[in-house]
Amino acid sequence: MDRADPPARRAARLRPAAAPGEQVKSSARTLTLLSDANENAESAVLQRDEYGFRPPLAAYISDIRTLPGYPLASSAHVHGQPAMEAAERILQLVGRRNEALVRAAVAAAGRYPGIAPAIVNMPARNMRFTGREDDLRDLRRLLNATGSMALLPGSAPIALQGMGGIGKTQMAIEYVYRFQAAYDLVWWITADPPQFIDVGLGDLATRLRLPMIGRVTETTRAVLNALERGEPYERWLIIYDNADEIEAVRQFLPRGRGHVLVTSRNLQWRDTVETIPIEVFARRESITYLRRRVPSLTTDEANRVAEALGDLPIAVAAAGAWLADTGTPVAEYLDQIVEHGPRVLPDEQESAQSVQRTWDLSLDRLRSRSQGAYRLLQLCSMLAPEIALELIHSEEMGRALRLVDVSTSERMERGKLVQHINRLALLRLDAQSGVHVHRLLQHVIRDRMTEDERAEARHDMHLMLAAARPRGEVDNPQSWPRFRMLWPHLEVSDAASCTDASVRELLVDRVRYLWFRGAYHQGESLARRIDRDWTQLLAASEGRPEQQQVLRRQLLSLRFNLANLLREQGRFEESHDLNKATLEEQREFLGAASPYTLMTLGSLAADLKALGRYAEALELDRSTYAAWALDFGEEYPRTLSAQFNLAVSYRLLGDFRLARKHDDDTLHKRRLVLGAADPYTLISASAYGRDLREAGEYEQSVAVLRGVVDDYASTLGDSARGTLNARVNLAVSLRSAGVPDEAGRLLDETYVRLLDNLGPANPDTLACRLSRATTILSRGDIEQAKNEMEGVEAAYRNALGEKHPHTIVCINNLAAVVRAAGTLTEARRLALLSAELFADVLPALHPYTLAAQFNLAVCDAELKNTEASLTIMRELRGKLLDILGPDHPDTLRCEGNLALTLAEAGLGGKEVDEADTLRRLRTRLGIRHPAVVAFEERRFMHRMLDPHPF
């Protein structure tokens with residue numbers, strides 16, 4: 001039962017029903033639950049003769065005084081007791097004590113209220129919270145009743161809706177503290193601005209032991225999935241405070257058995273979820289609050305103050321703090337309210353003027369008491385409402401305050417300033433999360449300043465944020481907690497307009513962080529806004545060459561990061577064009593050897609690879625790697641990235657030996673320089689496993705990639721993008737090693753996750769879909785394989801064009817699917833098409849080109865075009881011997897197919913020793929491998945392809 005329920009209602013639930021005019025029999029007993037919520041209520045005291053001659057029973061669920069009317073022998077104190085002991089005391093009280101019954105009662109009961117939540121993140125409680133009892137009861141009732149009432153996906157959120165300053169947040173906090181024992185997990189998230197909801201969910205991921213080093217979308221999805229599954233907790237409460245942008249918030253609403261609470265000024269929430277309108281205080285609540293805050297006030301005086309303020313809770317709190325601090329008579333206070341300055345609050349109600357004047361009085365009081373405290377509040381009004389204490393106490397904040405109060409150079413003195421402000425209720429102090437200055441109050445403070453004062457304060461805060469930047473690269477996950485402390489303040493303070501280079505560098509960091517965390521759309525939007533502002537700033541800085549030079553370099557660096565965001569969204573042409581223009585300007589402005597130029601050069605090479613222009617990409621990657629190595633050394637992190645990119649180019653062009661050489665070297669160095677668990681090290685390990693597969697070392701590839709998948713999962717989490725791509729890589733090696741069933745299960749599961757996380761058009765999702773279609777064929781489902789292969793071919797053709805190698809890979813594999821269905825003529829047409837297309841876009845000796853010819857020869861052999869088949873197979877055998885060697889599985893498959901074709905032509909044993917080929921196939925692949933079985937059954941072996949990532 002809820003402690004907010006009226007005691008009479010609780011007691012009634014435990015009484016047997018009586019017919020009209022009938023008295024309850026003496027065997028009935030009344031059990032009343034007593035707590036600090038009802039100890040002073042008259043209804044908590046029941047008379048002995050109200051329900052019979054025996055006194056009612058009482059269960060004390062809070063640590064309160066023993067109440068009259070409840071003899072000790074008829075009472076049970078269960079506050080603070082463990083579940084088993086509490087159950088035993090209650091059952092003994094009602095005369096049903098039994099050990100088995102105790103155990104059964106505890107097992108069947110809900111969450112025991114004496115146990116605190118296992119995971120808690122919430123603001124400090126407002127010890128002066130007053131009123132809202134009916135609203136709190138309604139909120140508890142609605143949350144418990146949530147089911148199918150919501151039109152939004154999720155756990156039927158309940159929204160507390162009302163104007164700013166009405167007390168929505170305070171009511172949510174009070175609900176959390178009253179009912180936290182009903183939950184295993186309570187997590188508070190500030191949803192203003194909504195861009196940082198993922199930060200709050202990322203922190204929850206850490207508490208749930210879900211690593212958050214992967215992409216931000218993967219981290220948030222992993223958290224929401226854990227909540228929806230109820231793993232490890234089914235009873236949870238997630239609060240989204242100040243969730244005014246519904247569309248931005250709704251994607252983060254979890255489903256499941258837990259509760260979701262929203263606070264918002266946005267009236268449109270009522271169109272989609274159940275809402276509780278939060279109004280101004282009832283007059284009795286205003287009076288109660290004021291008299292608690294200022295005990296000397298009479299009821300009439302409190303009533304007059306409340307009337308002047310329109311019962312707006314935030315104004316009532318400010319008035320109470322001011323009256324308590326100054327001791328000013330109410331009449332004088334009300335006179336000052338009437339006479340004090342103009343209204344600036346964005347509200348047409350007459351009460352808004354009084355609210356403004358109340359704050360003006362408090363702010364004037366603060367300024368007269370401490371210039372330093374007043375200046376600190378001015379500076380805080382330039383930032384987001386929630387500010388970490390680390391920033392408040394920072395040396396840079398001290399420097400900004402020193403001009404008005406020299407004592408603030410001491411860190412402890414700055415702590416005193418916070419208390420001066422807090423005493424007047426002008427901020428909310430939380431020792432864990434920092435200080436919170438209400439948005440309405442920030443507006444009032446800024447309006448009291450001149451434009452020059454606002455500009456100076458804003459610039460001081462920009463410098464403070466830049467000084468708080470962690471050392472090192474934003475690519476390093478260890479720096480993210482400190483960066484995340486700074487992010488919310490950049491946009492609010494209009495940092496993009498700052499002329500200081502260190503502040504602008506922080507904005508470039510922000511864009512790169514969003515790319516690294518996978519927030520591509522958000523990153524693009526921010527980058528374009530900054531680009532617009534900096535382009536205007538660059539034009540305005542004409543005649544100041546030093547400032548122009550730095551700004552121009554940073555603008556080009558910003559565009560390099562914007563191109564990365566575009567490429568990750570599959571917009572390869574846009575990324576290419578932007579990188580090309582940026583590179584030309586950097587070469588002219590910074591020189592070819594500048595690290596910024598080299599970074600863009602590597603990004604342009606990535607664009608070329610995505611567009612299928614592998615030879616051009618290889619030339620760029622060669623020169624980029626050589627330049628990094630020459631000027632920065634072989635083990636510099638960006639040199640290693642350039643070497644990794646070079647290996648990718650070699651692999652895409654079919655030079656698997658050189659790719660393996662560079663991947664092996666890069667992996668070794670990254671383990672030494674970055675550590676075995678670093679994301680860049682893991683991607684090198686995954687690439688090395690791919691190289692082993694291309695070398696035909698399938699079992700070794702599987703062993704390496706199993707370890708990579710485990711390392712990714714333990715470091716980044718099961719749903720991280722890197723983990724999912726490593727699972728696809730492993731599945732391809734499993735199928736290559738002759739284990740299609742395990743490969744199929746792995747691909748089925750991974751494909752669903754990639755669809756959920758990245759969408760159907762993402763390059764990673766498409767690559768997985770293609771490998772999955774190929775594996776479906778290897779498991780014998782020809783119709784499904786055909787449907788999937790045709791779907792992914794169309795997707796690649798629409799996204800990349802019909803001559804992109806990935807599209808041609810689909811055509812090659814589709815030929816094998818059609819051949820398996822028995823349509824040999826169509827299979828040959830597709831095999832010939834893929835061979836011709838590969839010959840147009842890839843080198844003549846590229847393994848993909850040879851694979852397409854391999855399949856064409858098989859189709860010719862099965863169509864009895866024996867001479868044509870033998871011509872291709874003989875030439876192909878020689879090429880494979882030179883390129884891959886005599887024991888590579890592809891060479892052995894080709895020899896096997898050649899042996900079968902020669903046998904059908906009556907030439908068996910003259911060119912190829914079938915027995916020796918079979919022996920070597922068994923030795924290399926194992927006796928149960930599908931290729932070995934096919935050769936033993938004298939069936940031709942085809943060659944399926946899996947695209948390499950670009």
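In strand S12, Gly 434 is the bridge partner of Asp 430. S12 covers residues 434-436 and pairs with S11 in the antiparallel sense, over three bridges. Two strands pair if DSSP finds at least two bridges between them. This is a predicted model, in which local features need pLDDT of at least 70, side-chain atom pairs count only at pLDDT 80 or more, and totals for chains, interfaces and linings use all residues. Residues are numbered from 1 along each chain as its sequence is written, and side-chain values use heavy atoms, with hydrogens and water left out.

**The sheet**

- Strands of a sheet pair through backbone hydrogen bonds, either parallel or antiparallel.
- Here, three strands form an open sheet in the order S10-S12-S11, with antiparallel pairing.
- S10 (386-387) and S11 (428-430) stand at the edges with a single partner strand each, so one side of each has no neighbour in the sheet.
- Strands (E, at least two residues) and helices (H or I, at least four) are DSSP runs, numbered from the N terminus.

**Salt bridges: the count**

- The structure holds 75 salt bridges.
- A salt bridge is a side-chain nitrogen of Lys or Arg within 4 Å of a carboxyl oxygen of Asp or Glu.
- One network of salt bridges links Arg 877, Asp 887, Glu 895, Asp 916, Arg 919 and Arg 920.

- Asp 364 and Arg 367 meet in a salt bridge, at 3.3 Å from N to O.
- Both residues lie in helix H13 (residues 350-369), three residues apart, which is about one turn of the helix.
- Asp 364 is partly exposed, at 26% relative accessibility.
- Arg 367 is also partly exposed, with a relative accessible area of 35%.
- The cut-offs are these: buried means under 20% relative accessible area, exposed means over 50%, and partly exposed lies in between (1.4 Å probe, protein chains only).

**A pair across the sequence**

- Asp 946 forms a salt bridge with Arg 735, and their closest N and O atoms are 2.3 Å apart.
- Asp 946 sits in the segment after helix H41 (930-936) and Arg 735 in helix H31 (residues 721-736), so the pair ties together parts that are 211 residues apart in sequence.
- Asp 946 counts as buried, at 11% relative accessibility.
- Arg 735 is buried too, with a relative accessible area of 12%.

**One further pair**

- Arg 229 and Glu 231 form a salt bridge, with the closest N and O atoms 3.1 Å apart.
- Glu 231 counts as partly exposed, at 46% relative accessibility.
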